[in-house]
Amino acid sequence: MVFWVPLIAYAAVVLLTALSFARQPAPRRPLDLARALLRYINLFPVGLMGLWGALGHIVFPAQAAAAIGWATSPFQTEVGLANLGIGLAGIIAAFWRDWGFRAAVAVMMAGFLGGAGINHIIEIGRTGNLAAGNAGPILYTDLLTPLLLVILLALTYRSDRASRP
């Protein structure tokens, strides 16, 4: 599961973004594509993967730790609770198109996921840990998700900030 869930999440982003963009009335603008991507990245890689991470670390800590190549730790409950907050924030950001809220979620993701991705790279170099939860698709999505959020927020900044009172 640790290998497939990030891939499935991004496949859902691509599929639903394509469907959403195709259903947009003409003329379709790059801004519409950026907004759709932003919505579905918040929903799947941030929201649902956050809830999935919470479930894993809180309910199945031994399996989650083994998938990452680590020993079980009481800190997993705290990581799971952080994932719970991230997941809920991502779902809210998917449906509440407030630029400032989405920016806050992106900052949170840059700190948490970006930091986790860097830590995975350090672990690979330091210990050779190539476990699926450390060096598999999760490594790439940990780095890709915050990067995409920041880029998409920059692309939507003017239009979404201008529409606010």
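Helices here are DSSP runs of H or I at least four residues long, numbered from the N terminus. With that in hand, here are the close-ups; keep in mind that the model is predicted.

**View 1. Residues 6–22, a helical stretch from the UniProt list.** The unreviewed UniProt entry gives residues 6–22 as "transmembrane region", along with 43–60, 80–96, 103–122 and 138–157. In the model, residues 6–22 come out as 100% helix and 0% strand. From one end C-alpha to the other, that stretch covers 24 Å.

**View 2. Helix H5 from end to end.** H5 takes in residues 99–127, which makes 29 residues. Its first and last C-alpha atoms are 40 Å apart, close to the 42 Å expected at 1.5 Å a residue. Look for a kink of about 30 degrees, centred on Met 109. Residues 103–122, another "transmembrane region" in the UniProt record, are 100% helix and 0% strand, with 27 Å between the end C-alpha atoms.

**View 3. The two ends of H5.** At the start, Asp 98 puts a side-chain oxygen within 3.2 Å of the backbone nitrogen of Gly 100. At the other end, H5 is followed by Gly 128, which has a positive phi, near 75 degrees.

View 4. As background for reading the pattern, an α-helix has 3.6 residues a turn, so residues three or four places apart point the same way.

**View 5. Phe 3 and Trp 4, an edge-to-face pair.** The model has three aromatic pairs in its count. One of them joins Phe 3 and Trp 4, with ring centres 5.1 Å apart and 80 degrees between the planes. Phe 3 is partly exposed, at 38% relative accessible area, while Trp 4 is exposed, at 52%.

**View 6. Trp 99 and Tyr 157, a pair between two helices.** Here the ring centres sit 4.9 Å apart and the planes meet at 75 degrees, so this pair is edge-to-face. Trp 99 belongs to H5 and Tyr 157 to H7 (residues 137–162), so the pair ties together parts that are 58 residues apart in sequence. Is Trp 99 buried or exposed? Trp 99 is buried because its relative accessible area is 16%, under the 20% cut-off. Tyr 157, at 42%, is partly exposed.

How values were computed
Residues numbered from 1 in each chain as written. Predicted model: local features only at pLDDT ≥ 70, side-chain atom pairs only at ≥ 80, totals over all residues. Heavy atoms only, no water. Expected span 1.5 Å × (residues − 1). Bend = angle between axes of the 7 residues up to and from the residue. Polar contact = N/O pair within 3.5 Å; in protein donor to acceptor, adjacent residues only side chain to side chain. UniProt positions renumbered as here; feature names shortened; annotations may be inferred. Phe/Tyr/Trp six-rings, centres within 6.5 Å; stacked < 30°, edge-to-face > 60°. Buried < 20%, exposed > 50% of the residue type's maximum accessible area, 1.4 Å probe, protein only.
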